[in-house]
Amino acid sequence: MEKRFQIVRIGQLVRRIQLDPSLIIVTTILFAVVVTGFVLSDRFGTTRNFMNVLEQAAGLGFACIGQALVVIVGGIDLSIGAMVTASTIFLTAIVDLHPSLMIPMIFGTLLFGTVIGFLNGYITLRTGVHPLIVTLGTASILNGAVLIYTLQPTGSVPFWFEEFAYGRLWGFLPISGLVMLLCFALIWFFLRYTQTGRAFYAVGGNPEAARLSGIRSNRIILMAYSFSGFFAALAGAYYVSRTGIGDPRVGDPITLASITPVIIGGLILGGGKGNIIGVLLGVFLISLLSNLLNYMNISTFIQWVIQGLIIILAVSIYVRKENNL
């Protein structure tokens, strides 16, 4: 009797933890990249290399968290790259003049990004203009303001701040990578186990139905865009830590780069579906793939082609599975 009860319990557990098909797909592609890497490069499969990839993936990971939250509520944020750039300039320019303000300015930079994100959401809701247009306009304003201020890398931060990007716990675990993993874990818990987090999916799936059920949809959308700005600023702080300066071009490739793992990870651009763990796997996939292609001396342009093919392949599989349901 006890053995039968245990079997029933195991069956219930398996049903509860049944994986999303998108997680299976991205994991399969990731596994294929790792196996290929082991075969093609002796340096790829080392612990040191995997830790380096985890460290280097942090900036992209932060940006992808914000993009994912906006996509879940049915939006999109094309200003992420510009917010990353503006955050680096904002932080380094002020700290360069007042080095003693470094710690307050870290929090000030995160607040700066949060406010910009909030404004994106507010303008979208207030005007009814599609978020693609609003955030594209915000990106143009921020990039223009940055280039008016400087055309070259500028500013500085104290030497100790590089520990965020390059520091290691116990000599091998990258601090920046661990912070990224912690952020993903917190957002996963937020979306899965809190009422507000579950409301993100409800708003993305059907905003009007969510409103009629008592969910304050506008508040959820504002929260999503504010999160996006916060994590873009965190990515900006990470890049400042890596370079020690504010770069007026550092965010240029990040906007589209932040969308790629979101799509590969199985989030639907229409909103309401997806798993943040899939986005994390997408970040690892893109980072490991770039790492492997660099070891193979493949040009950046060809890497873009390969990433594009992976996006098309992954989305095609997702669409086919959706149509078969």
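**Helix 2 against helix 14**

Leu23, Val26, Thr27, Ile29, Leu30, Val33, Val34, Thr36 and Gly37 of helix 2 meet Ile277, Gly278, Leu281, Gly282, Phe284, Leu285, Leu288, Leu289 and Leu292 of helix 14. Contact here means heavy atoms within 4.5 Å. By class, the residues of this contact are 13 nonpolar, five polar and no charged. Ala, Val, Leu, Ile, Met, Phe, Trp, Tyr, Cys and Pro count as nonpolar, Asp, Glu, Lys and Arg as charged, and the others, Gly among them, as polar.

This is a predicted model: local features need pLDDT of at least 70, side-chain atom pairs count only at pLDDT 80 or more, and totals for chains, interfaces and linings use all residues. Residues are numbered from 1 along each chain as its sequence is written, and side-chain values use heavy atoms, with hydrogens and water left out.

The axes of helix 2 and helix 14 come within 10 Å and cross at roughly 20°. Axes are lines fitted to C-alpha atoms, for helices over the stretch in contact, with angles from 0 to 180 degrees between N-to-C directions. The two helices are therefore roughly parallel (angles under 35 degrees). The crossing is left-handed: the near helix is turned anticlockwise from the far one by less than a right angle.

Helices are DSSP runs (H or I, at least four residues), as are strands (E, at least two), numbered from the N terminus. Buried means under 20% relative accessible area, exposed over 50%, partly exposed in between (1.4 Å probe, protein chains only).

Helix 14 (residues 276–295) also packs with helix 3 (residues 47–56), at about 125° and with axes 10 Å apart. Asn49, Phe50, Val53 and Leu54 of helix 3 touch Phe284, Ser287, Leu288, Asn291 and Tyr295 of helix 14. Six are nonpolar, three polar and none charged. Asn291 counts as buried, at 12% relative accessibility. Asn291 touches Phe44, Asn49 and Val53, not counting residues up to four places away in sequence.

Now the loops. Most residues other than glycine have a negative phi. Asn297 has a positive phi, near 60°, in the loop between helix 14 and helix 15 (300–324).

Technical notes:
Parallel < 35°, antiparallel > 145°, perpendicular 65-115°, else oblique.
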